[in-house]
Amino acid sequence: ALLLDGKVAMISGAASARGIGLATARLFASHGATVAILDLDEGAAIEAATAIGPQHRGYACNVADKDACLQATERAIADFGRIDVLINNAGITQPVKTLEIDPASWDRILDVNLRGVLYLSQAVIPHMQAQGSGSIACMSSVSAQRGGGILGGPHYSAAKAGVLGLAKAMAREFGPSNIRVNCVTPGLIQTDISSGKLSDQQKTEIAASIPLNRLGNAEEVAGAYLFLASNLSAYITGAVIDVNGGMLI
Ligand code: NAD
């Protein structure tokens with residue numbers, strides 16, 4: 001049976017061609033879901049959605065803007081009548097060191113990666129409560145666990161660690177409403193945010209330090225999101241799934 005048959009899934013940051021969000025939208029659609037793709041540019045979001053199939057929709061949404069989150073959610077509810085799955089995937093990084101973080105970049109990184117998770121969850125959860133069910137998966141990172149990745153700065157690590165705490169708090173608060181909240185913590189995944197910025201030699205060196213000897217791909221993170229979105233994980237909430245090739249062993 002299809003894992004998300006008849007479900008409606010909203011995915012933030014899902015219009016970028018090589019990104020984890022779009023790979024997730026495609027995988028979810030192949031498992032029977034109807035997807036609402038949210039991204040900064042409405043045209044790009046619509047294009048990404050309709051390329052998957054005519055029943056899917058794209059909406060402009062800057063997740064750091066509370067009104068935009070409320071509006072995109074209302075539009076998706078108007079189109080589909082419900083939201084069963086929320087994937088808080090949107091994120092940005094900036095490869096700087098602690099002493100280089102200025103107040104504006106701190107705000108920018110925290111706003112998108114952490115505040116965005118709060119705002120979109122606040123917009124969607126009342127609908128899940130009314131339905132009596134829901135599954136939310138949030139994007140953290142190995143950067144939260146190791147105190148820094150290859151490309152994220154310390155503010156990125158802080159934001160992604162904040163996502164873990166926020167998600168666990170929401171899992172506790174909304175468990176009684178049958179809303180599950182979990183996180184994924186990817187290692188180095190080949191997308192524009194990451195390997196697009198690395199030389200081939202850097203990639204070879206990094207791969208050698210990972211037990212599975214390679215970088216990950218977007219579909220492999222999408223697989224973890226699919227597990228968390230579906231009823232396969234019905235008794236899992238407040239959990240964190242590492243998708244990192246063994247980087248932390
Ligand atoms: P990506 O840059 O391809 O995708 C990020 C998407 O988020 C883009 O479509 C972008 O337009 C969108 N976005 C950016 N700011 C936004 C905002 N304010 N509102 C809405 N959308 C916004 O990169 P990706 O690797 O697919 O990243 C997806 C998520 O995975 C991010 O949260 C990232 O931090 C996280 N992550 C990535 C890796 C990796 O190695 N690629 C590792 C761990 C975590």
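Which helices each supply at least two residues of the shell around the ligand? In this predicted model, they are α1 (20-30) and α4 (103-131).

**Ligand surroundings**
- The ligand is surrounded by 30 residues, of which Gly-13, Ser-16, Gly-19, Gly-91 and Thr-191 are the closest.
- By residue class, the shell around the ligand is made up of 14 nonpolar, 13 polar and three charged residues.

**The sheet**
- Seven strands form an open sheet with parallel pairing, and their order across the sheet is β3-β2-β1-β4-β5-β6-β7.
- The edges are formed by β3 (57-60) and β7, each of which pairs on one side only, and neighbouring strands are turned by 20 degrees against each other on average, with direction ignored.
- Strand β4 (residues 85-88) runs parallel to β5 and is joined to it by four bridges; within this pairing, Leu-86 has Ile-136 of β5 as its bridge partner.

**Strand β6**
- Strand β5 (residues 134-139) pairs with β6 in the parallel sense over six bridges, and Met-139 finds its bridge partner in Val-184 of β6.
- β6 also pairs in the parallel sense with strand β7 (residues 240-243), here over four bridges, and Thr-185 stands opposite Asp-242 of β7.
- Strand β6 (residues 179-186) is largely enclosed by the rest of the structure, because eight of its eight residues are buried.
- In a regular strand, side chains alternate between the two faces of the sheet.
- Both faces of β6 are covered, with Ile-179, Val-181, Cys-183 and Thr-185 buried on one side, and Arg-180, Asn-182, Val-184 and Pro-186 buried on the other.

**Packing of α3 and α4**
- The axes of helix α3 (residues 66-80) and α4 come within 8 Å and cross at roughly 35 degrees, and this crossing is right-handed.
- On the α3 side the contact is made by Lys-66, Cys-69, Leu-70, Thr-73 and Ile-77, and on the α4 side by Tyr-119, Leu-120, Ala-123, Val-124 and His-127.
- The residues of this contact between α3 and α4 comprise seven nonpolar, two polar and one charged.

Technical notes: Residues are numbered from 1 along each chain as its sequence is written. This is a predicted model: local features need pLDDT of at least 70, side-chain atom pairs count only at pLDDT 80 or more; totals for chains, interfaces and linings use all residues. A residue is near a molecule or strand if its C-beta atom, placed from the backbone, lies within 6 Å of it. Ala, Val, Leu, Ile, Met, Phe, Trp, Tyr, Cys and Pro count as nonpolar, Asp, Glu, Lys and Arg as charged, and the others, Gly among them, as polar. A residue is buried if 20 or more other C-beta atoms lie within 10 Å of its own, exposed if 12 or fewer, and partly exposed in between; C-beta atoms are placed from the backbone. Two strands pair if DSSP finds at least two bridges between them. Axes are lines fitted to C-alpha atoms, for helices over the stretch in contact, and angles run from 0 to 180 degrees between N-to-C directions. A crossing is left-handed if the near helix is turned anticlockwise from the far one by less than a right angle, and right-handed if clockwise. Two residues are in contact if their C-beta atoms, placed from the backbone, lie within 7 Å.
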